[in-house]
Amino acid sequence: MRGTTATKRTAVTASTVALLLPLSACGGSAEAGSDSTVTVTVGYQSKTINTVTAGTLLRSLGSFEKQLNSLHDGHAYKVDWQDYATGAPITAQMTAGKVDIGSMGDFPLLLNAARGKQLGRGTRLVSVTGYNLRGGLNTVVTAPGSTLTSLHDLKGKKVSTSVGSAADGTLVRALQRAGIDPDEGISKLNQQPAVGASALSSGGVDALSQFVAWPGLLAYLGKAKALYDGAQLNLPTFHGVTAREDFAKQHPAVLEAFLKAQAEATDYLNVHPVAAAEKVAKATGLPAEVVYLYSGAHGIATFDPAVKPQLVSALKQDVSVLKAAKLTGDIDVDSFVDDQYVKKALGAPYAKRLIATPAPAASEVWAKGSEKTVSFKSAKELLTYAVGHQDGIRAAYVPDATTGTLWFADKAVWVADGNQLLPFVTPATAQAYITAHGGARTVSYREALERAS
């Protein structure tokens with residue numbers, strides 16, 4: 001559907017394989033550069049789309065700096081943005097007193113809490129960035145030509161993931177449900193996302209379990225296909241903002257300014273999803289089409305700073321997974337979660353945000369040259385539209401018929417069931433539907449288009 005753009009997009013891969021960026025030479029955090037200048041150090045993951053409202057997009061909009069300038073408290077503020085590939089190094093810098101505010105996934109957040117307590121440098125979860133109530137933010141992918149079709153096929157295989165990450169948590173839980181020992185049943189390689197992606201392309205591993213934007217990016221570039229949709233777990237997963245406890249107590253107005261800025265970035269993303277995707281793409285080198293898959297109007301991630309009870313509950317369930325992997329001991333989640341600052345920052349609307357629900361799943365087309373997408377009530381309607389506009393489509397997205405996880409239409413597994421044309425992220429979810437619906441069968445994307453015309 002993308003035509004010749006696929007070749008052009010291959011070049012994008014080079015800009016996405018950077019690992020940890022070097023630390024700023026400033027070395028300090030929330031420290032006075034002079035009697036009146038305070039440097040606030042923010043650790044973020046530019047390419048992890050779930051965190052853009054507390055990182056890449058926030059930085060691009062300049063919202064935090066504007067909020068700090070409005071404090072008028074006698075200080076001049078400087079923001080030192082430090083970019084990382086995963087949450088682990090952010091935690092290391094926070095517990096060393098070198099990062100004040102950081103954003104990371106649910107499992108890294110727990111490790112952040114445990115490490116902070118262990119070293120006497122407590123941290124607190126102060127807000128949420130992107131979440132998915134079913135777990136669709138993490139995906140296991142295989143090489144395009146792989147014969148593996150389900151999680152059961154991973155037994156005895158080499159699987160790359162980042163141990164302690166949200167994606168690793170999904171892998172462990174998924175394997176357990178499939179009756180495979182996550183320690184003995186597979187050969188797990190602990191690798192940074194970019195290293196794992198390279199290993200998958202070279203045949204060094206059989207599968208890759210990672211967080212956004214890697215699965216979507218590799219699928220978009222034709223370098224991977226989905227094997228397991230994290231939403232099959234039907235367990236919430238999210239990314240959030242953590243702050244050093246001493247920093248929060250010493251600079252509550254600064255933390256509040258950050259959370260107000262995060263709310264502004266969230267509102268901007270929700271009102272201008274296409275423009276937000278373009279901004280993030282420009283800042284990261286990721287294809288905007290991939291960014292939109294996760295952060296779009298009906299994207300895999302829903303963005304809201306509110307610390308929802310169901311997310312806190314999920315975080316408590318995550319502790320057992322980390323304990324079983326011997327990555328941590330007991331963690332007091334209730335003492336780690338502290339939403340007093342975001343409550344104050346957001347004011348009265350906070351109560352409504354707590355009960356707000358994600359937008360319903362929908363199929364979307366992003367036309368070339370358009371600043372808006374077009375939504376459809378069904379995947380079949382999208383296909384009908386696509387037949388008549390193939391040369392004018394930049395990207396087309398469809399939600400999995402059972403999990404609701406959004407995926408690229410031309411990368412989905414399609415099933416014909418009578419007059420229905422249903423998309424699925426993985427062969428396993430498609431097969432589960434076929435098994436339960438006599439007469440249904442898989443069809444190619446080309447055949448799905450022909451049937452819809």
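**Exercise 1.** Which element gives the most residues to the lining of the largest pocket?

*Solution.* Start with the basis of the values: this is a predicted model, in which local features need pLDDT of at least 70, side-chain atom pairs count only at pLDDT 80 or more, and totals for chains, interfaces and linings use all residues. Residues are numbered from 1 along each chain as its sequence is written, and side-chain values use heavy atoms, with hydrogens and water left out.

Step 1. On a 1 Å grid over the protein atoms alone, a pocket is an open set of points with protein on both sides within 12 Å along at least five of seven lines, while a cavity is a set where a 1.4 Å probe fits but cannot get out; lining residues have an atom within 4 Å of a point. Grid points are joined across faces, edges and corners, and a volume is the space filled by probe spheres set on the points.

Step 2. Take the volume and lining. The largest pocket holds about 520 Å³ of space. It is lined by 29 residues, and the closest to its centre are Gly 299, Ala 301, Thr 302, Pro 358 and Ala 359.

Step 3. Assign elements, where helices (H or I, at least four residues) and strands (E, at least two) are DSSP runs numbered from the N terminus. Two or more lining residues come from each of strand S5 (123-132), helix H11 (252-271) and strand S12 (302-303). H11 gives the most, with 3 residues.

**Exercise 2.** Describe the lining of the second largest pocket by class and by element.

*Solution.* Step 1. The space in this pocket is about 330 Å³. Of its 22 lining residues, Thr 86, Ala 88, Val 163, Gly 164 and Ser 165 are the closest to the centre.

Step 1. Helix H5 (88-95), strand S4 (101-105) and H6 each give two or more residues to this lining.

Step 2. Count Ala, Val, Leu, Ile, Met, Phe, Trp, Tyr, Cys and Pro as nonpolar, Asp, Glu, Lys and Arg as charged, and the others, Gly among them, as polar. The lining then divides into 9 nonpolar, 13 polar and no charged residues. For the largest pocket the classes are 14 nonpolar, 11 polar and 4 charged.

**Exercise 3.** Locate the largest cavity and characterise helix H7 in its lining.

*Solution.* Step 1. There are 2 cavities of 30 Å³ or more, and the largest has a volume of about 60 Å³. Among its 13 lining residues, the closest to the centre are Phe 107, Thr 170, Arg 173, Pro 236 and Thr 237.

Step 1. Helix H6 (106-118) and helix H7 (166-177) each give two or more residues, and H7 gives the most, with 4. The classes are 5 nonpolar, 5 polar and 3 charged.

Step 2. Thr 170 and Arg 173 are among them.

**Exercise 4.** Is Thr 237 buried or exposed, and what does its side chain contact?

*Solution.* Step 1. Thr 237 lies in strand S11 (residues 237-244) and is buried, with a relative accessible area of 5%.

Step 1. Its side chain makes a polar contact with the side chain of Asp 106 at 2.8 Å; such a contact is a pair of N or O atoms within 3.5 Å, and within protein one must be able to donate a hydrogen and the other to accept it, while residues adjacent in sequence count only if both atoms are side-chain atoms.

Methods:
Buried < 20%, exposed > 50% of the residue type's maximum accessible area, 1.4 Å probe, protein only.
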